[in-house]
Amino acid sequence: MKINHLLICGSLLLLLAPTLSHAQQNQPSIEQLLVEPFLDDYYSNVVYGYEIITDTQKHASRYVGNSLDCSNCHLQAGTQKEALPLNVAGMYPKWRAKNGKRNGIGLRIRECFLYSLDGIMPPEDAPEVLAIAAYITYLSQGEVMGAEPEGRGVPTLPATGYDPNPANGRSVYLEQCSSCHGEQGEGIEEMPAVWGLDSYNKGAGMNGIREAAGFIWANMPFGNGKSLSQQQALDVSAYLNLQYRPADPRDSKFLKLLEDLFN
Amino acid sequence: MGDWRTEVFAGFVGAILVIPQGITYAYLAGLQPEYGLYCAIFVTLFSSILGTSSMMSGPNTAVAILIGVAVLPLAGRGSPVYIDFVFLLCMMVGLIQLLFWLLRGARIFQYLSPAAISGISAGAGFLIIMASLDSILDLSTFRTTFFYEKLYVIISDATDLVNPYSLVIGISTILGGYIGRRYSARYYIIIAVCTGYLCGLLVAFIWPQPLTELEYLGRMPLQWLPFSIPSVNIEYLMTSIKLVPYAFTIAFIGLAQSLVIVRELKMETDQDIDLDKEVYAQGLANFLAPFFSSFVGSGSFNRTKANRSLGATTPFSGIAAAGFVLILITFLGPVLTYMPMAAMAGTLFIVGADMIKWSDVKHYAQVRSELVIYLATFISIIFFGLATGIVIAVFLSVSVFLLRISQLELSVENKDSGTLLKVKGALFYASVAHLTEKFQSHFGENLTVDLQYTTHIDQSAVDFFIRESSNMAAQGAKLTLLINDQQRRFLKKLGISSDIELISL
């Protein structure tokens, strides 16, 4: 009787074995993780990282200075191609011109807090930073280390032959964008602000005309990406670039004061 | 009731004192600053409402360090799982303390010698100083096992490791504190914090953050009623077994400190204090703490002292303090955002340095056993950590205590009828050996043993007398015991032999 049981159990296990090892290779999806949180340190950090990316205001408010969330720019919680996807763990550490150092993914995350979220740079070992790093690792599962993932960052727009024209940009903005982002760029209802004190600051990557143009061309108006011409995207991006927004945190307020005094 | 103003003012000062402490202790516990503030509000509130004394409870150094020591190996600092574990640990601590109350355990803390408590406090002070160096020098991702390794690495790699901006802020905070103390012994911590904060503002004004890489406190998402339900989960329970020894240590250390404070208050003021009720208050407050997003606390020496010097005598000052913390942080929140961590660490440094008292060393140096306890506790803490140090302190205190009570005071008088032996102390299995020597040196003589100053006799002592008396009878000598009524009853019950003559006094 007992032996029979054992045999049945054993053969069941053998049958299950391939599916079990299969399940280990395929990591659980975010939805699965959310409903049944893994208590494993890694997966709990992945979930925490996901929550921070999608609701930065709630889960990482300590370091945030404006009203944006990471996922306002890293669309679909960093999973959408050509919208600054975050499956980039394999690309780091890497040399960057912005600060002239080799950057780990940690520093990259901290910089988006400082510039894009116009906040405070969190410490290297802040739980928020570690959690986002875990989430980025999780998203990068299956990518080739060191190889640029497909659709990384935003598309680089080819030279159109014309300089970006902010005046044109203004009319594009009022036609296409202000219904969501507001005439003063403040963001209507739940929409994110594109300028003003509640938006990214002058040091942010999004404040670069080409970077923003690529983002806007591929993804905006929201849900209707690639409907603008590339020239329109460049124009509107130049217009956004001219608007009032928080100062670049890399500028010394002291030097600025001296400058103001001398002029 | 003309006194309520005194109590309210004392509460106000207590609130100002506890805010920097709550924030820094939260850091020691591996938690975000707001948890320390919640601790300053809710633990203080509950233990004052439930307690009977003017003791100020709330965030406590040793307790905070122990939380960090216990939970950091299990999960990443400050992550949600980490916080769950901390809350679970806190609930255990509260339950254990309530168990202490049920068993009327307050008495056992009398066995922890004052030297051990001072040694623990000095050791904790040392650990605080080492922890504060992390933030003063901005060594965020940096781990060593022993403090001297850390010092060695810092010194040998100073130019690479040390953040000069952070160092300047830290040093100005410490200097501000020590200079401020000359002028105001009570508010110097506040002076230190303000100096550090202003210095931080100046640094931030001249150099931008991407250059200085300074760490700031950041915005605190504070709520007035931060309810939380600690999640207890089967899978957690497996790992949380590891927390149990720490829960006992924290429960013990928390109560030990609180009871030392309360006992002092009871002796030196005329407050109507019930020790058991205080244990109950601490236990329940700590048990409730995790439900209000707070970690556990205990009585605080420094805040209770300040409270007393302002004339507070009732638990109402603690209740007022909790209220003022709530009001103050609501208004101070935005200002605190740009508080440099180095300034917080500077105040921690001062607090830590204050806990290592040279006068303690001199005081305990007078009695060798006390000095041994003090130094052994201190040294084991700085090398092996707080938990080990506390175990050693308890072990040593109990050993010294046992050694002391197993000592007998024996005096020998030669009378015509034989030798008279007066025994002072407790006569039990551990001390009977001392008697043996005396019996041997007077072997063959008539012996009278005076037991009226003996505090306790146990079975093995009686057995000893019976054995010796039969030996002596073989030599023709006689054993006489001078006893009181109670001892006579006890000896009768154990069936004393007829070789022994009993004389009641």
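Me: What pattern does chain A follow, read along the sequence?
Reply: This is a predicted model. In it, chain A runs α-α-α-α-α-β-β-α-α-α-α-α-α. That comes to eleven helices and two strands.

Me: How much of chain A counts as buried?
Reply: 46% of its 263 residues.

Me: What share of chain A contacts join residues at least 24 apart?
Reply: 63%, counting contacts between residues at least 6 apart in sequence.

Me: Switching to chain B. How is chain B divided?
Reply: Into domain 1 and domain 2. Domain 1 is pieced together from 4-42, 54-65, 101-318 and 330-398. Domain 2 covers 409-504.

Me: How far apart do the centres of those domains lie?
Reply: Their C-alpha centres are 54 Å apart.

Me: Now the rings. How many aromatic pairs are there over all chains?
Reply: The structure holds 24. One of them joins Tyr216(B) and Tyr338(B) edge-to-face, with 5.7 Å centre to centre and 70° between the planes.

Me: Where do Tyr216(B) and Tyr338(B) sit?
Reply: In loops, 122 residues apart. Tyr216(B) is between helix H10 (209-212) and helix H11 (234-240) of chain B. Tyr338(B) is between helix H15 (316-336) and helix H16 (341-355) of chain B.

Me: Is Tyr216(B) buried or exposed?
Reply: Buried, because its relative accessibility is 7% and the cut-off is under 20%. Tyr338(B) counts as partly exposed, at 38%.

Me: What about Phe439(B) and Phe465(B)?
Reply: They form a tilted pair, 6.4 Å centre to centre and 50° between the planes. Phe439(B) lies in helix H20 (residues 432-441) and Phe465(B) in helix H21 (residues 459-474) of chain B, so the pair ties together parts 26 residues apart in sequence. Phe439(B) is buried at 1% relative accessibility. Phe465(B) is buried at 1% too.

Me: Which residues form one aromatic cluster?
Reply: Tyr38(B), Phe42(B), Phe46(B) and Phe292(B).

Me: Which ring does Arg245(A) lie over?
Reply: Tyr200(A), at 4.0 Å from the ring centre. In chain B, the charged end of Lys424(B) sits over the ring of Tyr453(B), 5.8 Å from its centre.

Me: On to the cores. Which residues touch the most other members in the largest nonpolar core?
Reply: That core has 183 residues. The best connected are Tyr135(A), Ile67(B), Val71(B), Val86(B), Phe295(B) and Leu386(B). Helix H4 (residues 80-102) of chain B gives the most to this core, with 13 residues.

Me: What is Ile67(B) in contact with?
Reply: Beyond its neighbours within four places in sequence, Ile67(B) meets Ala29(B), Tyr82(B), Val86(B), Leu89(B), Ile250(B), Phe295(B) and Val296(B).

Me: What does the second, separate core include?
Reply: It has 24 residues, among them Leu421(B), Leu435(B), Val449(B) and Phe465(B).

Me: Last one. Where is Met472(B) found?
Reply: In helix H21 of chain B. Met472(B) is buried, with a relative accessible area of 3%.

Me: And what does Met472(B) touch?
Reply: Phe439(B), Glu445(B), Leu447(B), Ala477(B), Lys478(B) and Leu479(B), not counting residues up to four places away in sequence.

Me: How are Met472(B) and Ser258(B) separated?
Reply: By 54 Å between their C-alpha atoms, and by 214 residues along the chain.

How values were computed
Residues numbered from 1 in each chain as written. Chains lettered and ligands numbered in written order. Predicted model: local features only at pLDDT ≥ 70, side-chain atom pairs only at ≥ 80, totals over all residues. Heavy atoms only, no water. Helix = DSSP H or I, 4+ residues; strand = E, 2+ residues; numbered from the N terminus. Buried < 20%, exposed > 50% of the residue type's maximum accessible area, 1.4 Å probe, protein only. Contact = heavy atoms within 4.5 Å. Domains from an automatic or database assignment. Phe/Tyr/Trp six-rings, centres within 6.5 Å; stacked < 30°, edge-to-face > 60°. Lys NZ or Arg CZ within 6 Å of the ring centre and 35° of its normal. Core = buried A, V, L, I, M, F, W, Y, C linked by side-chain atoms within 4.5 Å.
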